[in-house]
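Dear colleague,

I am passing on the structure we spoke about, and below it I have set out what came up when I went through it. Please read the notes with the structure open beside you.

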Amino acid sequence: MRAPGYPARRLGLRWIDLRRAVTTDFPLKAAALAISVLAFVAVAESTQEAQVSFRVPVERPADVPAGYVLRGTLGEVTVKLRGPQPDVAKVAQGDLHPVPDLAQADLARNDVQNVALRVPLADGAITAQTDPATVAVRIEKVVSRTLAVQVRFANDAPPGFQPGSPTFSTSEVRISGAQSQVASVAGVFVTLRFGDTPIDVSTSADAVPVDAAGNAVEGIQADPPTVQVNVPVLSTTSTRTVPVLWSLRGAVANGYWISRITTDPVAVQVQATPDKIAALDRVDTAAVDVSGLTGNRSFRVPLLLPPGVTLLQPTDATVGITVIQLSGTRPFPVVAVQVIGTGAGLVAETDPATVNVLVAGPTATLATLGIDSVVATVDATGRGAGTGPADVVLKVPPGVTVISLQPARVTLTIRSK
């Protein structure tokens, strides 16, 4: 029997024991192989590109320009991430914050416009795209207005009672917000509620801007945001609404008369004990002096109240006086007709020599007219000797009008001297 390795020895080759080569230090060799395989896999994964998508809401940016406000709901978009697999795997949905890129917005516009979205990422190896790529936004100027505070009640006063005039810690509130929203505000209201018992209302209430329909306008800031309000609760049995009557003294100027008198308010609410209320049927104004008036005028005068009677809402009255001129007519039955423009060496006369004139105007003006205030003329300019008709021309003072002229045409006779 030949010894192991005989053929190899004959050929001059070294015998290699493969079984011993594999099994010698096998655990160390297996570990080294495993490490090599893991390193290969890690390198392969680190160079592999991955893509993932998330559905996230669009967030409102923090860089809205000063003096402007971003309006509306921005909705949701799909964010697509692309990058190395390990980096992409680290990104969670909560890490994504898409916002409108307001640097691209046109601040001069006041309507809806489409603005590109951007997604800030800490890892520069990852790129992000949104679907859609833009979002509709509305950027408006912030404006302000000042409005008077008004009261409205959420319920009725207790039976037999009514609210008196409210008082406020401030009578006006300044509102500010988006231009279109501020323009829609019709008023600023504080809403109050009566209790079950007739107790005066004294509370701090929110100042709420509302539109013409009475609905609150969202997104409007009020300054101050709350107002202290006090409303007395009054018994209806001791109040009454009575008319306001004017009182005059003196007389207007001659030739004028009063055509109309008005009062504002026309009626007021008064309060007193029931017996005094029952005896009161009107409230007079203090006397208005109209002496010498020749035109319209308004007077602000106090109201005269009997002892023990007060106004539910203190006020003065405005009395308006309308004054107009008296008009009339005045006859001038014999007005001499004057001939003007007679040529050299000629004389002229008319037939008839006088006319009858009736004028109208303010009586004060008519009373001051003299007999020579109305002038009648005929023009003989360019005419030679002869006889012919001629129109009569009248001249009257300012403010006076001619009603009739008889005759309006006369016979003009021109002859040599």
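I begin with Glu140, which counts as buried because its relative accessibility is 0%, where buried means under 20%. Please keep in mind throughout that this is a predicted model. The side chain of Glu140 meets that of Arg138 in a salt bridge, with a distance of 2.9 Å from N to O, and Arg138, at 27% relative accessibility, counts as partly exposed.

Both residues also turn up in the pairing of strand E7, which covers residues 134-153. Glu140 in E7 stands opposite Val69, and E7 pairs with strand E2 (residues 68-71) in the antiparallel sense over four bridges. Arg138 in E7 is the bridge partner of Val112, while E7 and strand E5 (residues 112-118) run antiparallel and are joined by five bridges. Strand E7 has two further partners to look at: seven bridges join E7 to strand E10 (residues 172-178) in the antiparallel sense, with Leu147 opposite Val173 in E10, and strand E11 (residues 187-192) pairs with E7 in the parallel sense over five bridges, with Gln150 opposite Phe189 in E11.

As for charged pairs, the structure holds 10 salt bridges. One of them joins the side chains of Asp63 and Arg118, at 3.6 Å from N to O, and this pair links distant parts of the chain, since Asp63 lies in the loop between strand E1 (49-57) and E2, Arg118 lies in strand E5, and the two are 55 residues apart. Asp63 is partly exposed at 40% relative accessibility, and Arg118 is partly exposed at 34%. Asp63 and Arg118 are also linked with Asp101 in a network of salt bridges.

Another salt bridge is formed by Glu349 and Arg415, whose closest N and O atoms are 3.4 Å apart. Glu349 lies in strand E28 (residues 346-351) and Arg415 in strand E34 (residues 409-416), so this pair ties together parts that are 66 residues apart in sequence. Glu349 is partly exposed, with a relative accessible area of 42%, and Arg415 is partly exposed as well, at 41%.

Finally, there is a nonpolar patch on the surface, formed by Trp257, Ile324 and Leu326, with about 240 Å² of accessible area together. Leu326 is found in the loop between strand E26 (317-325) and strand E27 (327-340), and at 34% relative accessibility Leu326 counts as partly exposed.

Conventions. Residues numbered from 1 in each chain as written. Predicted model: local features only at pLDDT ≥ 70, side-chain atom pairs only at ≥ 80, totals over all residues. Heavy atoms only, no water. Pairing = 2+ DSSP bridges. Patch = residues over 30% accessible without salt bridge, like charges linked within 9 Å, V, L, I, M, F, W, Y side chains within 5 Å. Areas by Shrake-Rupley, 256 points an atom, 1.4 Å probe, with all protein chains shown as cover. Salt bridge = Lys/Arg side-chain N within 4 Å of Asp/Glu carboxyl O. Buried < 20%, exposed > 50% of the residue type's maximum accessible area, 1.4 Å probe, protein only.
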